[in-house]
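Please keep the sequence and the structure in view while working through the points.

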Amino acid sequence: ISPRIHSKLTRPQPMSDEQLISEIETLIRRDPARRGLIGSDGNGPGRGELARAAQLFSKSSDLTGVVLITGFFIPDTGYSNARSPCSNEMCMAQRGNAETDGPPGTAVLADVLASLGVPTTVVTDSLCEAVVRAACSSGSDQDPKILVCPNSLQEAGVWRTSILGRPETRQISHVVAIERVGPGYPDEKATSSEPVAASEQQVESSPLTDWQPGHCSNMRGESIDEFSADLHLLIESAKAINPKIKFIGVGDGGNELGMGRFSRDELLTRITGPNAHRIPCRISADATIVAGVSNWGAYALAAAIAVQHDRVDLLERHTAESQQRLIERIVEDAGAVDGVTRRSEPTVDGLPFLTQIQPWIAIRKRLGLRP
């Protein structure tokens, strides 16, 4: 019996793809880390967005090329990058690294897309390169191509022009940003019921503790512009070349690319802390998946795409055990850090592995796959 047939026969009960995807979304809308965006009631922004995102991937003929953007640098961790392949002077000087949330989910999604025959490229910046490469390097022939944007604004502009000039750029049909920070609103007092698209260059970067309106912020409300390449400009420029490109955001805190799909007011009713007004990202998307942990959002999108293409078998090898090994690898080999504790440890958003992997185990069981 083939894995594909086995996966279909072992679903607990017959249901439509739409119902199954709705159940998958429910499983990722938990808030064990108390980030606040979803909330304990699960009624925060984003309900129904997984189905909307999956629908954008439903037609194989429309999948001519997918770009996945990930990597969130956590500066000032007090952790030395001595074990990390990252040789960037800023990376070493700031004693930080990319976090454990984002790259693992990206690796699963990339593998599913590649297995469907979709040309897939992962994009990150130089400070997050080591962790993203470690996450996406399985040794398989299907490992995605990785493009690395310089963190310097001037160098990033040159790099972006080069990327946009390539013939394959015109083949891009979808862009997915997974746990990737984006710029906030220009005026901290501004509220909007409609998303605001960014078309301007970021202003000069400010120190970590010197926040200004319109800058990228971490969940502490600190400006992290100097640690985050302006990859939102790559998305906007690509969509200017090809307006048919679909952009999907995946996030868990409100400061990620795609969160501009929801009004700033709506995000502020959920984001907690004294600097909550600094956090919301203004960059919108065609669909934005909101999960308790961004890895969950990427897992869920991978599962939804597999369901719609009747290829649940593609998820078989991405077991809980394989995800544990992946997270351990990016910590041990590339020095990844937990985004909440800022320590180099195999946890995600302050959650031990057994807690953070529970939604994925539940999704796999719902699809008739072994944990």
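This is a predicted model: local features need pLDDT of at least 70, side-chain atom pairs count only at pLDDT 80 or more; totals for chains, interfaces and linings use all residues.

A residue is called buried when its relative accessible area is under 20%, exposed when that area is over 50%, and partly exposed in between. By this rule Cys128, at 0% relative accessibility, counts as buried.

**Cysteines**

- A disulfide is a covalent bond between the sulfur atoms of two cysteines, and the structure holds 0 disulfides.

**Nonpolar cores**

- The largest nonpolar core has 78 residues, and the members that touch the most other members are Phe57, Leu109, Val176, Leu301, Leu315, Ile363 and Leu367.
- Helix α10, which covers residues 294-308, supplies the largest share of this core, namely 11 residues.
- Apart from this core lies another one of 32 residues, which includes Leu257, Ile271, Cys281 and Val290.
- When its neighbours within four places in sequence are left aside, Leu315 is in contact with Val112, Ala302, Ala303, Ala306, Trp360, Arg364, Leu367 and Leu369.

**Salt bridges**

- The structure holds 15 salt bridges, and one of them joins Arg180 to Asp125, with 2.7 Å between the closest N and O atoms.
- Because Arg180 sits in the loop between β6 (174-178) and α8 (232-241) while Asp125 belongs to strand β4 (residues 120-125), this pair ties together parts that are 55 residues apart in sequence.
- Arg180 and Asp125 are both buried.
- Another salt bridge is formed by the side chains of Arg342 and Glu222, at 3.4 Å from N to O.
- Since Arg342 lies in the loop between α11 (320-334) and α12 (353-356), and Glu222 in the loop between β6 and α8, the pair ties together parts that are 120 residues apart in sequence.
- Both partners of this pair, Arg342 and Glu222, are buried.
- Glu316 and Arg370 also form a salt bridge, in which the closest N and O atoms are 2.8 Å apart.
- This pair links distant parts of the chain, with Glu316 in the loop between α10 and α11 and Arg370 in the segment after α13 (358-366), 54 residues apart.
- Glu316 has a relative accessible area of 23% and is partly exposed, whereas Arg370, with a relative accessible area of 51%, is exposed.
- Arg35, Asp252 and Asp349 are linked with one another in a network of salt bridges.

**Helix α11**

- Helix α11 has 15 residues and reaches 21 Å from its first C-alpha to its last, which is close to the 21 Å expected at 1.5 Å a residue.
- Which residues of α11 are buried? They are Ala320, Ser322, Gln323, Leu326, Ile327, Ile330, Val331 and Ala334.
- The elements that cover these buried residues of α11 include β3 (97-98), α5 (103-115), α6 (129-136), α10, α12 and α13.
- Following α11 comes Gly335, a residue whose phi is positive, near 75°.

Key:
Residues are numbered from 1 along each chain as its sequence is written. Side-chain values use heavy atoms; hydrogens and water are left out. A nonpolar core is a set of buried Ala, Val, Leu, Ile, Met, Phe, Trp, Tyr and Cys residues joined through side-chain atoms within 4.5 Å. Buried means under 20% relative accessible area, exposed over 50%, partly exposed in between (1.4 Å probe, protein chains only). Helices (H or I, at least four residues) and strands (E, at least two) are DSSP runs, numbered from the N terminus. Contact means heavy atoms within 4.5 Å. A salt bridge is a side-chain nitrogen of Lys or Arg within 4 Å of a carboxyl oxygen of Asp or Glu. A disulfide is a pair of cysteine sulfur atoms within 2.5 Å. The expected span of a helix is 1.5 Å times one less than its number of residues.
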